Amino acid sequence: MKKKLVFATNNAHKLEEVTAILGSKIELLCLKDIGCEVDIPETADTLEGNAMLKAAYIRNNYGLNCFADDTGLEVEALNGEPGVYSARYAGEDHCSEDNMRKLLYNLEGVTNRKAQFRTVISLILDGETHLFEGIVKGEITHEKQGNSGFGYDPIFRPDGYEQTFAELGNEIKNQISHRALAVSKLCDFLKNIQ
C-alpha cells in the first residue's frame, strides 16, 4: 500500500514539481485535500524554522504524517537577501514581478551576482522530525529571461547552464533544482524506512 503524506502547501506549482519528482511511490495530499484552509504562519527567521512550523501545525492539528518546505533565494552581494523573505521581498502580496524588480534594482551596478536557491524540508513521520536540504548555486541575470517556472526563475541562471530556470523548462529544472535535491533526499529516506 502506498504511503500517504501531506505536503503542507496549496501552491500548485510546488505541488506539481514535487509530485513529478516523487512519482508514484507516495500518495501526496495537499492542504486542500485534508480540508486545511488556514494560511499557516511563517514567523521563523530561518528556512528551517518555517518548514518546521508548517509541518508541526499539520501534525498537531490533523495528526497526519507530513512535510513542509521553505525556500529562499540567497544573494551573496546582498548578505543572503532575500533569503527567508523571498516570497514577500517586495511586500506581503507575494508578487513575483515586484520581487524580481526589487532584486534587480538592488543589484544595479553590482558585479558579483552569485546566488543560490536553498530549500529545506521538514518531515514529521510517526512523531519524529527529519530535515533535508537542497542547494543549487548560480547567478542573477541582469534581466528576465524565459516564461516557464515561477518566482525568481526568470532571473536565476544555475551554474553549468546558459539558460535561466524559466528557460530550461520544468523537465530539466525538476532534475537539478534545489527542491529536486531536497525531495530526492526525502525520497531516499522514505524508501529506506518502508
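This is a predicted model: local features need pLDDT of at least 70, side-chain atom pairs count only at pLDDT 80 or more; totals for chains, interfaces and linings use all residues.
Start with the parts list: the chain has 5 helices and 7 strands. If you trace them from the N terminus, the order reads β-α-β-α-β-β-α-β-β-β-α-α. How compact is the result? The radius of gyration is 17 Å, close to the 16 Å that the globule rule gives for 194 residues, so the chain is as compact as a globular protein of that length. Along its principal axes, the C-alpha trace spans about 55 × 30 × 25 Å.

Buried residues make up 48% of the 194 residues. The chain exposes about 9,800 Å², and carbon and sulfur atoms supply 47% of that area. As for charge, there are 21 positive and 30 negative side chains, with the centres of the two sets 4 Å apart.

Next, zoom in on strand β5, residues 114-125. Here 11 of the 12 residues are buried, so the strand is largely enclosed by the rest of the structure. Which strands does β5 pair with? One of them is β3 (residues 66-75), which runs antiparallel to β5 and is joined to it by 10 bridges. To spot this pairing, find Thr-71, whose bridge partner in β5 is Thr-119. Another is β6 (residues 128-140), also antiparallel to β5, with 12 bridges between them. There, Leu-123 has His-130 in β6 as its bridge partner.

Finally, check the turn: the hairpin of β5 and β6 has 2 residues between the strands, and Asp-126 takes a positive phi near 50 degrees.

Conventions
Residues are numbered from 1 along each chain as its sequence is written. Side-chain values use heavy atoms; hydrogens and water are left out. Helices (H or I, at least four residues) and strands (E, at least two) are DSSP runs, numbered from the N terminus. The radius of gyration is taken over C-alpha atoms; the globule rule is 2.2 Å times the number of residues to the power 0.38. Buried means under 20% relative accessible area, exposed over 50%, partly exposed in between (1.4 Å probe, protein chains only). Accessible areas come from the Shrake-Rupley method with a 1.4 Å probe; for residues, only the protein chains shown count as cover. Lys and Arg count as positive and Asp and Glu as negative; His and the chain ends are not counted. The place of a charge is taken as NZ of Lys, CZ of Arg, CG of Asp or CD of Glu. Two strands pair if DSSP finds at least two bridges between them.
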